[in-house]
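Me: Please take a close look at the aromatic pairs in this model, and at what surrounds them. I would like one connected account, with the cut-offs stated.

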Amino acid sequence: MENSAIIIHVYSKIANALFALLSLIDLRKNSMNVKTKISFDNTEQAFVYKSNAQLKKTYRLFQLMNQSWLVKAGTKLTILAVDWRLPINGLLRSTIFEQFVGGETLAETTAIVDKLNQYGISLIMDYGAEGKESEADFDGAKNEFIQVIKHAAQHDNIDFISIKLTALARFALLEKLNNTSIISAEKIAVDTAQLNLAEKKEWQNVVGRVSELCAFAAEKKVGILIDAEESWIQNTIDAVTMQAMQQYNKETVLIYNTIQLYRHDRFEFLKRCHDIALENKFVLGVKIVRGAYMEKERRKAGQVNSSSPIQIDKSASDKDFNAAITYCIQHIDTVSVIIASHNEYSAQLAVQLLDEANLPFNHPHVHFSQLYGMSDNITFNLAKQNCNVSKYLPYGPIKDVIPYLMRRAQENSSVAGQTSRELFLIEKEIKRRGI
């Protein structure tokens, strides 16, 4: 058994090195034509905020997450343990929660906010509530978002808060309205004719919550990012968000919609939204991401016997994502973009486009973002070059952020080379420090 463990460890090391090498080769190949280069290999800058002990702990966690079988098993066991109310909070808190979440309360996030401020890094605050079902839960989430906005207004480096509409509205209601949501130059609306009286009252409550949050955010000068969710509720989310933009994005950009470019129709949707914004004289705010619901989308398409909205492969997603970056920067006066990506080439491309257009790297309409706990080499090296860059920082009780944590574990495990790249960089910094 001892020899087997050694062999597995050696093979794991070799695999990590190969994945890291392939990732670097691909990055170099795609960066040949980039005029302005930012080194994302600078590990001293990437991990400047981590102590030796923290760096080693992070390395051990990513080693575990690099084993896909372990992630799959651990995800299922964690969900079961939560359902059965087993005492696993301590284990989660000291491992995956600590790596990817800011704390269980707003107060607990302050230390991270202050530390990142020292390195020119902003925060996108996210209360980890989603999938709620009762009116009391929705009102509770709205009140918590109000507190997040207040908290953000007290910190110079919290520019945005992130909101999921499923924290404020029942999923089934959003789904029922999905096919009657209208987004056009002539009209942006959610047609509620098909709803019964109780559902119409329920929808009025949803609209009221969103309106209250947007008005308060405008007063406090804090941006709101509306997250993308599943395609079968996304039309409703898009319509609500575009309505808010039409009202609040006239002089400054307060509201941002999220566009998932792993959907094959979203680049055209981005351009259509821009045309609508121009027609209605407001600035389009968009956060562009590759996406987070791929497997669920494919399962749903199979269940209802419809075509999948997902791109045919990763290269198609990458192509549309980079095209979206290019489009937004080409229309920088009328589009404000948050480039939410862990892809080094995409970050490099955006910097190149800014440079070629003689625009400052900290242009107010261009913002970069990565998830807290991931891709510090991108975040900290962009910040060093004076780019607007943030960490997306979720917080909330462990039971509420379990869905988010499971997505992070699965994402790191499923994206080819993601965890190996993290391991390679951490190991490089450990060697540089000689610890």
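Reply: Contact is taken here to mean heavy atoms within 4.5 Å. By that criterion, and not counting residues up to four places away in sequence, E230 touches F171, Y293, K296 and E297. E230 is found in the loop between β5 (223-226) and α10 (231-248), where helices (H or I, at least four residues) and strands (E, at least two) are DSSP runs numbered from the N terminus. With 6% relative accessibility, E230 counts as buried, a term that means under 20% relative accessible area, with exposed over 50% and partly exposed in between (1.4 Å probe, protein chains only).

The model is predicted, so local features need pLDDT of at least 70 and side-chain atom pairs count only at pLDDT 80 or more, while totals for chains, interfaces and linings use all residues. Residues are numbered from 1 along each chain as its sequence is written, and side-chain values use heavy atoms, with hydrogens and water left out.

Turning to the aromatic pairs, a search of the whole structure finds seven. Rings of Phe, Tyr and Trp (its six-membered ring) pair if their centres lie within 6.5 Å, and planes under 30 degrees apart count as stacked, over 60 as edge-to-face and the rest as tilted. The rings of F62 and F100 have centres 6.4 Å apart and planes at 80°, so this pair is edge-to-face. The pair links distant parts of the chain, since F62 belongs to helix α3 (residues 52-65) and F100 to helix α5 (residues 89-100), 38 residues apart. F62 is buried, with a relative accessible area of 0%, and F100 is buried, also with a relative accessible area of 0%.

In another pair, the ring centres of Y127 and F145 lie 5.9 Å apart with the planes at 80°, so this pair is edge-to-face. Here, too, distant parts of the chain are linked: Y127 is in strand β1 (residues 122-127) and F145 in helix α7 (residues 135-153), 18 residues apart. Both Y127 and F145 are buried. Elsewhere, Y49, Y119 and F380 form one aromatic cluster.

Helix α7, which carries F145, also packs with another helix: L106, T109 and T110 in α6 meet E144, Q147, V148 and H151 in α7.

Finally, there are charges over rings, which requires NZ of Lys or CZ of Arg within 6 Å of the ring centre and within 35 degrees of the ring normal. R266 lies over the face of F269, at 4.0 Å from the ring centre, and R290 lies over the face of F321, at 4.2 Å from the ring centre.
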